[in-house]
Amino acid sequence: MKLNELRPAPGAKRKPKRWGTGSGSGTGRTCGRGTKGYKARSGSSIRAGFEGGQMPMVRRIPKRGFNNYNFAKVYQIANLGAIAEIFNAGATITVNELFAFGLVRSMELPVKILASGELDKPLVIKASAFSAAAREKITAAGGTAEVI
């Protein structure tokens, strides 16, 4: 058997239903759209969040609090357990190494090291931020946590 000889099983593929092909087809005249109204017209599409004229949920619900979307500092996270599995004792770890091993997705965004997992070897970790527990674990293992 060759790739050019592959075919779908008989009956597996159907021709698409042809709307508006005469009254005998079963889908002629109004083509399954009913009669009149907005949804019967061509080019009609109801936008996301439209609730038929009722006050939409996004406008009904009260807005409270504050979200600093424009200026919030967004960190990528890397866990100590994952770092300990990959790197050997005495290694110097920067964002480049974390990116190379797939622990962070971008080299542009700042990285924060979190304390999830165990660390039993001394490592020199250079990152934008550390959680207090992560900094504690790194120093307890004999390593250093440097903020860049």
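Residues are numbered from 1 along each chain as its sequence is written, and side-chain values use heavy atoms, without hydrogens or water. Because the model is predicted, local features need pLDDT of at least 70 and side-chain atom pairs count only at pLDDT 80 or more, while totals for chains, interfaces and linings use all residues.

Visitor: In what order do the strands S2, S4 and S6 form an open sheet?

Guide: Strands here are DSSP runs (E, at least two residues), numbered from the N terminus, and two strands pair if DSSP finds at least two bridges between them. Strands S2 (92-93) and S6 (144-147) are the edge strands, each pairing on one side only. The pairing is parallel, and the order is S2-S4-S6.

Visitor: Which residue in S6 is the bridge partner of Ala127?

Guide: Strand S4 covers residues 124-127 and pairs with S6 in the parallel sense over four bridges. The bridge partner of Ala127 in S6 is Val147.

Visitor: Why is one side of S1 and of S5 left without a neighbour in the sheet?

Guide: The open sheet has the order S1-S3-S5, with parallel pairing. Strands S1 (76-79) and S5 (129-130) stand at its edges, so each has a single partner strand.

Visitor: Is Ser106 buried or exposed?

Guide: Ser106 lies in the loop between helix H3 (95-100; a DSSP run of H or I, at least four residues) and S3. Its relative accessible area is 17%. Buried means under 20%, exposed over 50%, and partly exposed in between, with a 1.4 Å probe and protein chains only; Ser106 is therefore buried.
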